Amino acid sequence: MTDRNNRSDEAVGLRQRAETTALKISSDFSENLDARGPDETRRILHDLRVHQIELEMQNEELRRTQQELEASRARYFDLYDLAPVGYVTLSQQGAILEANLTASTMLGAPRGALVNRQLTAFILPADQDIYYRHRKRLFETGEPQLCELGMVRPDGNQFWALLDAIVAQDGATRAPLCRVTMSDITERKKAEDALRESETKLRIVADNTYDWEFWMSPESRFVYISPSCKRITGHDAAEFLADPQLMSRLVHPDDRPKFIEHQKNIMEQKRSVDMEFRIVTPDGANRWIHEVCQPVFDDNQVFIGMRGSNRDITERKRAEEALRESERKFRAIFDNANDGFISVDLESRRFFNANRRMMEMLGYESEEEIRKLTVSDIHPEKDLPHVLEEFKKHASGEISRTDELPVKRKNGSVLFTSVSSSPMTIGEKTYLSCIFRDVTERKKAEDALRESEKRYRVLFDAAPITISMATLEGKALAVNHAIEEMAGYTTEEVLTLNLNGFYVNPDDRKRAIAHLQEQGKVRDFETAFRGKDGRTVDVLLSMDIIELGGQKVTLSTIRDITGRKKAEERIRQQLLELQRWHNVTLDREGRVSDLKQEVNELLRRLGEPGRYSSSGCGETETPLTEWGGKETREERQRP
């Protein structure tokens with residue numbers, strides 16, 4: 001609107017100047033006209049009219065040109081300022097000379113604030129070198145350059161940008177310029193990162209799959225082979241990639257023609273096929289392989305190769321050979337399986353078949369009864385929302401296992417099952433094959449275990465002797481409340497301490513641990529602990545090594561024997577006192593015996609018989625002597 005007002009004012013001024021000039025010309029023309037004849041006057045008037053018409057035509061052309069210029073300017077605004085990508089003009093030194101609205105929005109700054117500002121101010125420090133090399137190559141080679149940069153706005157928000165730069169010249173100064181197209185590729189980079197992460201996960205899955213997975217190009221050359229080929233064939237992936245004919249040579253001679261035809265059909269028919277054949281490993285062993293191949297097409301339905309999976313089914317083939325003689329035996333094994341097998345029609349959710357174990361679990365006697373049921377009929381009503389949601393996930397392939405799923409029997413009782421599923425196609429219909437494992441007893445056992453653990457915790461905490469668990473280095477992991485009475489520490493305090501500090505003699509724990517590691521256990525090891533108040537507590541220690549969370553720890557019982565030790569000391573002192581009195585008595589009896597022997601000896605010299613018998617002259621054994629043992633007598637005999 002301002003441009004239009006300016007142009008209107010300019011037109012009014014132009015009109016006034018034209019009228020002034022016309023008046024002057026008209027005055028001069030009138031004077032000259034009086035001096036000319038009629039013919040000359042008519043000719044001059046005719047020329048003036050023609051000239052006037054020419055001027056009007058030129059004026060009309062100018063107005064049209066002006067309109068086209070304004071339309072072009074509007075298109076330029078749309079194309080430049082409102083373009084979906086940012087346009088930036090940079091000096092050779094990297095300063096921003098001009099930027100469109102998109103670039104201003106992308107950089108998070110007004111256009112006026114961008115002028116003469118270095119573009120590097122918006123580039124993350126980690127990518128400054130990339131931009132420097134990009135700009136250097138641009139001006140050195142003169143060729144268009146592309147680069148991806150991490151950029152940051154003044155508010156700290158970061159984004160990824162693709163810079164497409166060309167060299168240009170300033171129209172006035174002919175100085176070299178850089179014209180840059182800047183695109184926000186943040187979403188693309190996020191998608192690329194997600195794709196890269198997905199590819200990494202897929203590569204990890206493929207490289208660690210148990211089966212031998214491979215990808216074959218349309219030219220029948222291996223593009224990818226999983227490392228598990230080494231386990232199955234004895235040859236690693238590099239050998240297969242280097243020698244396309246290695247696989248054919250590994251196939252058993254009797255199966256080779258069929259295998260070659262199989263490979264040919266894969267590429268010609270471009271459909272999923274499978275085959276079982278034998279290979280010969282380097283050690284001469286025969287192995288059965290089940291190969292499943294599936295054609296792969298790109299988004300344009302162009303055939304880009306074949307994906308295959310080879311599974312070692314040697315054990316399965318051996319089992320099949322053993323079971324092939326009798327379908328009855330196979331059915332018996334199937335019906336007497338510990339797990340229930342049942343198939344479900346995905347459309348109607350009606351059961352298709354079931355084995356005997358499944359019928360027993362549900363309480364039905366025939367498959368005909370089972371076929372009348374749907375998924376909703378064999379689960380408690382209150383659990384149906386959860387069950388149906390799990391069924392949808394199984395049907396879509398989102399999950400293949402559900403644990404502790406409640407199942408309702410015919411009589412209304414409920415059992416808990418673990419359900420595994422896989423889709424299967426029979427004819428043109430798709431079914432979900434399910435395996436139900438009764439985990440009711442396991443669940444009861446787990447509940448009982450939890451209850452047992454609760455009881456154990458009660459017994460552990462209420463035990464009258466101290467029980468502890470600790471690392472081999474002495475870090476306390478658990479201790480019951482008996483420690484409080486024995487040593488004066490709370491259980492919380494003990495868990496912050498190292499048990500080495502409890503020993504009056506720290507070497508005692510070292511000896512106990514050494515014996516524990518050598519013998520696997522320690523029994524009735526006497527040592528002394530120091531209580532929180534500094535008193536000494538005599539204890540009897542027993543230790544075992546157990547594993548807890550993959551770590552070897554000690555399980556110890558610590559019995560306070562301080563009272564017993566004091567009682568033993570009192571008894572020992574009493575025994576010593578008794579022994580002293582006993583020794584005094586024995587010395588007196590010995591002297592009497594010696595006197596009797598001397599009397600007998602004197603009587604014999606006088607020719608008279610001895611008065612005292614020899615048995616009465618020996619050492620007298622008393623119960624105390626016997627209890628004291630040989631050591632007491634020997635001690636008595638010492639000088």
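Trainee: Which residues are exposed on the other side of α5?

Mentor: D129 and E140 are exposed there. Keep in mind that this is a predicted model. To be called exposed, a residue needs over 50% relative accessible area.

Trainee: And which residues of α5 are buried?

Mentor: Y131, H134, R135 and L138 are the buried ones.

Trainee: How do you know that they are on the same side of α5?

Mentor: Look at the arc around the axis. They cover only 90 degrees, so they sit on the same side of α5.

Trainee: What makes the length of α5 agree with its number of residues?

Mentor: Helix α5 runs over residues 128-141, which is 14 residues. At 1.5 Å a residue they should span 20 Å. The end C-alpha atoms are 20 Å apart, so the two values agree.

Trainee: On to the strands. Why do we say that β6 and β10 pair?

Mentor: Pairing takes at least two bridges. Strand β6 (residues 212-216) and strand β10 (residues 303-312) have five, in the antiparallel sense. Within this pairing, M216 stands opposite M306 in β10.

Trainee: How many bridges join β9 to β10?

Mentor: Nine, again against a cut-off of at least two. Strand β9 covers residues 286-297, and the two run antiparallel. The bridge partner of F297 is F303 in β10.

Trainee: What makes E276 and R316 a salt bridge?

Mentor: The closest N and O atoms are 2.3 Å apart. The limit is 4 Å, so the pair qualifies. E276 lies in strand β8 (residues 273-280) and R316 in helix α11 (residues 314-323), so the pair ties together parts that are 40 residues apart in sequence.

Trainee: Why are E276 and R316 called partly exposed?

Mentor: The class runs between 20% and 50%. E276 is at 26% relative accessibility. R316 is at 33%. Both values fall in that class, so both residues count as partly exposed.

Trainee: How many salt bridges does a search of the whole structure find?

Mentor: It finds 37. One of them joins R371 and E368, at 3.9 Å from N to O. That value is within 4 Å, so it counts. The two are three residues apart in helix α14 (residues 367-371), about one helical turn.

Trainee: What holds for K454 and E451?

Mentor: Their side chains meet in a salt bridge at 3.9 Å, N to O. They are three residues apart in helix α16 (residues 440-462), about one helical turn. K454 has 52%, which is over 50%, so it is exposed. E451 has 35% and is partly exposed. Elsewhere, salt bridges that share partners join E148, R188, K189 and E192 into one network.

Trainee: How many aromatic pairs does the count give?

Mentor: Nine. Among them, W212 and F240 are 5.1 Å apart, centre to centre, with 50 degrees between the planes.

Trainee: Why is that pair called tilted?

Mentor: The centres lie within 6.5 Å, so the rings pair. Stacked needs under 30 degrees and edge-to-face over 60. W212 lies in strand β6 and F240 in helix α8 (residues 237-242), so the pair ties together parts 28 residues apart in sequence. Both W212 and F240 are buried.

Trainee: What makes Y489 and F502 tilted?

Mentor: The angle between the planes is 55 degrees, at 5.1 Å centre to centre. Y489 is at 18% and F502 at 4%. Buried means under 20%, so both are buried.

Trainee: Which residues do ring pairs link into a cluster?

Mentor: W212, F214, F222 and F240.

Trainee: How do you know that the charged end of K189 sits over the ring of W160?

Mentor: It is 4.3 Å from the ring centre. The distance limit is 6 Å, so that test is passed. K317 lies over the face of W288 at 4.4 Å from the ring centre.

Definitions and conventions
Residues numbered from 1 in each chain as written. Predicted model: local features only at pLDDT ≥ 70, side-chain atom pairs only at ≥ 80, totals over all residues. Heavy atoms only, no water. Helix = DSSP H or I, 4+ residues; strand = E, 2+ residues; numbered from the N terminus. Buried < 20%, exposed > 50% of the residue type's maximum accessible area, 1.4 Å probe, protein only. Phe/Tyr/Trp six-rings, centres within 6.5 Å; stacked < 30°, edge-to-face > 60°. Lys NZ or Arg CZ within 6 Å of the ring centre and 35° of its normal. Expected span 1.5 Å × (residues − 1). Arc of directions from axis to C-beta.
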